[in-house]
Amino acid sequence: MTKPKIFAHAGEGAWTPTPDGNRRRVLLSTDELMLVEFGFDKGGVGALHSHPHVQASYVAEGRFEVTIDGRTEILEAGGSFIVPSGLVHGVKALEAGRLVDSFTPPRADFLALNQRDSA
């Protein structure tokens with residue numbers, strides 16, 4: 001097994017368009033944990049969905065309407081939230097912004113898409 005990358009610098013990595021019209025880039029990933037940056041234009045939506053991964057998110061820029069398991073709150077830069085495994089969740093960007101998400105276990109679907117897009 002190759003050693004995992006353990007540092008990422010600002011601006012590294014290519015943005016990948018997401019199916020919902022936003023963008024993401026995988027910052028770092030090990031066998032246990034993944035860090036991903038998402039970019040949203042004002043009005044951008046991360047549609048309601050669920051997955052088996054535990055997700056922790058940090059609002060790096062902007063303001064977001066965040067819905068988790070039917071509960072909605074407005075979070076701005078510096079705010080954060082956790083999505084336990086299997087809960088339905090989504091976001092709406094009230095202004096342009098960025099979320100930094102961690103996933104455990106890593107999202108294999110994101111890694112597969114990045115490998116395909118860089119080939």
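Six of the seven residues of strand β3 are buried, so β3 is largely enclosed by the rest of the structure; buried means under 20% relative accessible area, exposed over 50%, and partly exposed in between (1.4 Å probe, protein chains only). Helices (H or I, at least four residues) and strands (E, at least two) are DSSP runs, numbered from the N terminus. The model is predicted: local features need pLDDT of at least 70, side-chain atom pairs count only at pLDDT 80 or more, and totals for chains, interfaces and linings use all residues. Residues are numbered from 1 along each chain as its sequence is written, and side-chain values use heavy atoms, with hydrogens and water left out.

Strand β3 belongs to an open sheet of six strands, in which the order is β1-β2-β3-β10-β5-β8 and the pairing is antiparallel. Two strands are taken to pair if DSSP finds at least two bridges between them. At the edges of this sheet stand β1 (16-17) and β8 (80-83), each with a single partner strand, so one side of each is left without a neighbour in the sheet. On one side, β3 pairs with strand β2 (residues 23-29) in the antiparallel sense over six bridges, and Leu28 stands opposite Leu35 in β3. A hairpin through four residues joins β2 to β3. Strand β3 also pairs with β10, in the antiparallel sense and over seven bridges. In this pairing Phe38 stands opposite Leu99 in β10, while the bridge partner of Gly39 in β10 is Arg98. Strand β10 is in turn paired with β5 (residues 54-61), in the antiparallel sense and over seven bridges; here Gln55 stands opposite Phe103 in β10.

Thr18 is placed in the loop between β1 and β2. Its relative accessibility is 10%, so Thr18 counts as buried. The C-alpha atoms of Thr18 and Gly39 are separated by 9.8 Å, the two residues being 21 residues apart along the chain.

A further open sheet has four strands in the order β4-β9-β6-β7, with antiparallel pairing. Its edge strands, β4 (45-49) and β7 (71-76), each pair on one side only. Neighbouring strands of this sheet are turned by 20° against each other on average, direction ignored; axes are lines fitted to C-alpha atoms, for helices over the stretch in contact, and angles run from 0 to 180 degrees between N-to-C directions. Strands β4 and β9 (residues 89-93) pair in the antiparallel sense over three bridges, and Val45 stands opposite Lys92 in β9.

Rings of Phe, Tyr and Trp (its six-membered ring) were counted as paired if their centres lie within 6.5 Å, with planes under 30 degrees apart classed as stacked, over 60 as edge-to-face and the rest as tilted. By this rule the count comes to three aromatic pairs. In one of them, the rings of Phe38 and Phe110 have their centres 6.0 Å apart and their planes at 65°, so the pair is edge-to-face. This pair links distant parts of the chain, with Phe38 in strand β3 and Phe110 in helix α1, 72 residues apart. The rings of Phe103 and Phe110 have centres 5.7 Å apart and planes at 90°, so this pair is edge-to-face. Phe38 and Phe110 are both buried. For Phe110 the relative accessibility is 6%, so the residue counts as buried; Phe103, at 1% relative accessibility, counts as buried.

The largest pocket has a volume of about 390 Å³. On a 1 Å grid over the protein atoms alone, a cavity is a set of points where a 1.4 Å probe fits but cannot get out, whereas a pocket is an open set with protein on both sides within 12 Å along at least five of seven lines; lining residues have an atom within 4 Å of a point. Grid points are joined across faces, edges and corners, and a volume is the space filled by probe spheres set on the points. Of the 22 residues that line the largest pocket, Asp20, Phe38, Gly46, His49 and Phe110 are the closest to its centre. At least two lining residues are supplied by each of β3 (34-40), β4, β9, β10 (97-104) and α1 (108-118). By class, the lining has ten nonpolar, seven polar and five charged residues; Ala, Val, Leu, Ile, Met, Phe, Trp, Tyr, Cys and Pro count as nonpolar, Asp, Glu, Lys and Arg as charged, and the others, Gly among them, as polar.
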